[in-house]
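This report describes the chain displayed below.

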Amino acid sequence: MKKKLLNLVLIIILIDFVGLSRIANAQTISAGAAHSFFICSDSTVSSWGYNTYGQLGDGTLSSTFANPPVQVSSLIGITAVAGGGGHSLFLKNDGTVWACGRNNYGQFGDGTTTNDSIAFQIIGLSDITAIAAGDFHSLFLKNDGTVWACGRNTSGELGDGTTIQRTTPVQVNSVNGIVALAGGTSHSLFLKNDGTVWACGYNNYGQLGDGTTTETHTPVQANSLSGITSVKAGNRFSVFLKNDGTVWASGDNTYGQLGNGTNTNTFANPPTQANSLIGITAIAVGYAHSLFLKNDGTVWSCGYNSAGQLGDGTPYNRPTPDVVSSLSGITFIAAGGAAADHSLFLKNNGTVWACGQNGFGQLGDGTTTNDFTIVQTIGLCNFLSVEENSVLNNMSIYPNPSNGIFNLNVELQSNIKLQIGIYNLTGQLVKSINSSEFIEGINVKNIDASELSNGTYFVKVYNENLNKPLKFIINK
């Protein structure tokens with residue numbers, strides 16, 4: 001019998017223990033059309049950029065432009081953020097969803113089409129584990145694997161079998177066992193727990209990956225895709241990450257955003273493989289450009305580059321992915337944009353860097369000047385890096401990938417009791433390991449998770465007596 005390979009990503013978090021959901025996705029970045037977000041270590045959110053509709057959630061309706069990031073009002077316990085064309089979604093650690101910004105198509109799901117500059121809870125949504133925002137629609141994943149959607153539905157992007165605009169969430173037809181989702185301009189992607197991809201909505205460029213250019217109002221399966229661990233949706237294209245570290249894509253390729261070395265749209269063809277990409281652990285897409293994070297902490301990019309969103313110092317489009325030479329030690333990536341794009345990068349020291357379109361201050365560098373090279377976002381909340389922690393010296397996991405049996409290597413400066421949990425891509429706990437007493441020095445703990453199915457998981461180690469969060473990622 002073929003052995004299962006588990007791609008394990010180690011995230012170490014030392015945090016006050018207030019329920020397991022508190023530590024899921026403790027710190028991340030996100031990008032909307034022209035606005036950006038950063039989840040702080042205390043689970044509050046910083047936002048910056050375009051704010052005409054109140055999408056920054058600070059109670060105002062004017063863009064911050066060159067001003068420093070502001071805090072999203074009255075929100076704490078946030079584990080995920082999704083930015084749409086003009087609206088913003090926030091997922092709390094209690095499974096509730098909050099929203100602000102533009103609501104002209106009912107993308108909030110609150111039964112109205114009224115904008116709001118203060119984030120408020122969407123009543124009727126509970127037990128949500130993941131969120132996604134398209135330009136004018138919203139997607140919500142429940143802990144039972146079902147998906148709910150609201151907002152614009154002109155092309156059937158809500159997947160309910162109609163093209164009727166919805167101001168309250170409706171269930172997406174014929175999909176279950178979903179573990180991840182993505183919203184594009186007018187299409188939606190759903191990743192199942194068996195590694196297959198399903199899609200609905202606008203399909204004139206073949207972005208649904210089903211081998212046709214036929215619009216569909218109920219999800220259909222993308223062709224020739226298996227072992228997928230992540231999905232992202234851009235304007236009229238889709239990108240898929242496989243569990244072997246390769247990248248596949250379908251749809252509009254006018255600017256080379258599919259990364260296959262051409263400018264040819266896929267149309268009725270199945271997804272094609274991006275050139276020269278191996279060891280990829282994360283993907284992100286903007287309006288017409290793509291970013292790829294490798295397991296060595298480098299970032300690769302391709303596609304539209306008129307505002308410098310590829311970070312290579314030029315305004316030239318690129319159909320083949322190339323490394324962003326000025327970046328290293330990157331742990332998260334995000335991309336946003338509408339007509340022009342911007343890119344965000346989180347380093348392992350907790351700093352955020354950016355490039356691309358900056359007309360509304362979405363890079364957060366204190367200017368409104370587009371940047372063709374990488375600049376640092378300023379004025380963000382503090383982050384505790386590995387080097388700043390006085391308890392932990394080093395942690396690692398090996399072998400990785402493995403067949404599910406691996407070693408956790410912990411080096412501490414003092415005796416400490418730790419709890420260990422393994423989570424899937426949606427932040428759901430799939431295996432809890434009894435707390436262990438780790439003594440001063442180097443400790444090696446053997447963990448057997450071979451019962452888990454193929455895929456990418458997170459190992460999270462935390463301590464109930466410490467209240468300083470720490471995030472550290474290893475990809476091997």
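## Buried cysteines and disulfides

Cys100 has a relative accessible area of 0%, and because buried means under 20%, Cys100 counts as buried. The model under discussion is a predicted one. Cys200 is likewise buried, at 0% relative accessibility. A disulfide is a covalent bond between the sulfur atoms of two cysteines. The criterion applied here is a pair of cysteine sulfur atoms within 2.5 Å, and by this rule the count comes to 0 disulfides.

A further buried residue is Asn253, whose relative accessibility is 0%. Asn253 is located in the loop that lies between strand S20 (247–251) and strand S21 (272–273). Leaving aside residues up to four places away in sequence, Asn253 touches Leu258, Gly259, Asn260, Thr262, Asn263, Thr264 and Asn265.

## The chain as a whole

The chain holds 36 strands and 0 helices. Of its 476 residues, 61% count as buried. The accessible surface of the chain comes to about 16,800 Å², and carbon and sulfur atoms account for 48% of that area. When contacts between residues at least 6 apart in sequence are considered, 54% of them join residues at least 24 apart.

## An open antiparallel sheet

Which strands form the open sheet, and in what order? The sheet consists of 4 strands in the order S2-S3-S4-S5, with antiparallel pairing. Its edge strands are strand S2 (29–31) and strand S5 (70–71), each of which pairs on one side only. Strand S4 (residues 45–49) runs antiparallel to S5 and is joined to S5 by 2 bridges. Within this part of the sheet, Ser47 stands opposite Val70 in S5.

## Confidence of the prediction

For the chain, the mean pLDDT is 85, and 84% of the residues reach 70 or more.

Where pLDDT is low, the predicted coordinates should not be read in detail.

Note on methods. Residues numbered from 1 in each chain as written. Predicted model: local features only at pLDDT ≥ 70, side-chain atom pairs only at ≥ 80, totals over all residues. Heavy atoms only, no water. Buried < 20%, exposed > 50% of the residue type's maximum accessible area, 1.4 Å probe, protein only. Contact = heavy atoms within 4.5 Å. Areas by Shrake-Rupley, 256 points an atom, 1.4 Å probe, with all protein chains shown as cover. pLDDT = per-residue confidence, 0-100. Pairing = 2+ DSSP bridges.
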